[in-house]
Amino acid sequence: MTEDIDHYKFDFATATEDLRAQFDPAKARNVIFVNIAAFPPDTPGGAPNIGMTPIGDAQFLQEYQDRAFNLTMSRSGGQSGTGRLMNKDKTQLGNVVSIVADDGYVHTFGEKYEDLMRLWILYHEAGHALVKNADISAGPDDTYGENAGDAMASLLFLRRFGPDAKAFLSMISWSRAFQAINAGDTKHLTTAVIDKILNDSGDTDFSKLTFAQTVQRAQEYAAQWTPNAAALSTARDVFSSAIKDGGRLRDILNRILSRKSPPDLASFMAGKVSEAMVRKEGMEFFGTRAQLPDKERAALASDVSAGLAGMKVNHLFNSAAIHSAGTTPLLSLAPLGLSAGKPLVFGATKPPTGNS
Ligand SMILES: [Zn+2]
């Protein structure tokens, strides 16, 4: 029995206790969730000045209180994140998942989706803490941790809400591609992993997975579908060069799609972003309504066809052909699961600065 996604309301204490109850007991002892209700600037001495409500095992909480100032919580922005809690001898005690109540990322799709975004962030951060080796961000060319976080969150959404989660997950997938191009940054470029899970949800009922199986599957998806360093590095160069001269998003996408080189990860992401823009209904873009005239939509659709000509899933990662079953045309993997006739609302006010 899956839950109704349309009426989901997020509550930090309920959501974290529900998660912890499903953890492997050893993990439940070693993961603390912290609700950061306010995020004032650090004190002049540099110590984090944080108002928070931690939820976790009593003994572990005590350890945490003793060591709070050694945490990687002296973050520069109000973003949620997962840190390692280290002992004095540098062994790892566990993880601290800090959820920032007013995280800008919550507003990505406007008010209607804020509760689901809060749950998404919690599940993503829990993925960092639970999936093996996913609790460190190794750099722009090693995005395994971020892909594990999004794989975990996607699977938990499908497990909890069933196929009704697909539309929301498609929006997340799209936004990860959009943000990568927009910021010229590939750290959270998890689109391929989310799309693969969405595609597989057609013949796999993820609601039947146990929690432990879900963690295991998230690890497998991230290991198999995280783009490799070469593909990410190339994509970053392409994005940066395409946004350098500015212009409309449509022009930036055209620059990426019209390169002479064979289709690659960057082409796919540009195609993915275009997918929303060629919809007749248009989209709402951080408070601005964007709707391309029919002629431009047709031109963009043709750019996408040309830019991705012949591209299959196993081309996605440039040189490393690590996928055997890669014959599915890319854009049919996970088309946006949005209802026709409604504009895609993306962002209430301004783009968030990022998230962890
Ligand atoms: Zn993350």
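Trainee: How do you know where H10 and H11 lie relative to each other, and what is their crossing angle?

Mentor: In this predicted model, local features need pLDDT of at least 70, side-chain atom pairs count only at pLDDT 80 or more, and totals for chains, interfaces and linings use all residues. Residues are numbered from 1 along each chain as its sequence is written. The axes of H10 (residues 249-257) and H11 (residues 265-277) come within 9 Å and cross at roughly 145 degrees. Axes are lines fitted to C-alpha atoms, for helices over the stretch in contact, and angles run from 0 to 180 degrees between N-to-C directions. Helices are DSSP runs (H or I, at least four residues), as are strands (E, at least two), numbered from the N terminus.

Trainee: What is the hand of the H10 and H11 crossing?

Mentor: Left-handed. That label applies if the near helix is turned anticlockwise from the far one by less than a right angle; clockwise gives right-handed.

Trainee: Which residues make the contact between H10 and H11?

Mentor: From H10 come Arg 250, Leu 253, Ile 256 and Leu 257; from H11, Ala 266, Ser 267, Ala 270, Val 273, Ser 274 and Met 277. Contact requires C-beta atoms, placed from the backbone, within 7 Å. Seven of these residues are nonpolar, two polar and one charged. Here Ala, Val, Leu, Ile, Met, Phe, Trp, Tyr, Cys and Pro count as nonpolar, Asp, Glu, Lys and Arg as charged, and the others, Gly among them, as polar.

Trainee: Why are H10 and H12 called roughly parallel?

Mentor: Their axes cross at roughly 25 degrees and come within 9 Å, with H12 spanning residues 294-307. Angles under 35 degrees count as roughly parallel, over 145 as roughly antiparallel, 65 to 115 as roughly perpendicular and the rest as oblique. H10 and H12 are therefore roughly parallel. Their crossing is left-handed. Arg 250, Leu 253, Asn 254 and Leu 257 in H10 meet Glu 296, Leu 300, Asp 303, Val 304, Ala 306 and Gly 307 in H12. By class, that contact has five nonpolar, two polar and three charged residues.

Trainee: What makes Asn 133 buried or exposed?

Mentor: Burial is a count: 20 or more other C-beta atoms within 10 Å, placed from the backbone, is buried, 12 or fewer is exposed, and in between is partly exposed. Asn 133 has 12 such neighbours, so Asn 133 counts as exposed. Asn 133 is in the loop between H4 (114-130) and H5 (144-161). Asn 133 also has a positive phi of about 60 degrees, although not a glycine.

Trainee: How do you know whether Val 131 is buried or exposed?

Mentor: Val 131 has 26 C-beta neighbours inside 10 Å, so Val 131 counts as buried. Val 131 is also in the loop between H4 and H5. Val 131 and Met 152 are 21 residues apart in sequence, yet 8.0 Å apart in space, C-alpha to C-alpha.

Trainee: And what about Gly 145, buried or exposed?

Mentor: Gly 145 has 22 C-beta neighbours inside 10 Å, so Gly 145 counts as buried. Gly 145 lies in H5.

Trainee: What makes a set of residues a nonpolar core, and which have the most contacts in the largest one?

Mentor: A core joins buried Ala, Val, Leu, Ile, Met, Phe, Trp, Tyr and Cys residues through C-beta atoms within 7 Å. The largest has 81 residues, and Met 152, Met 269 and Val 273 have the most contacts inside it. H4 gives the largest share, 10 residues.

Methods. Contact = placed C-beta atoms within 7 Å.
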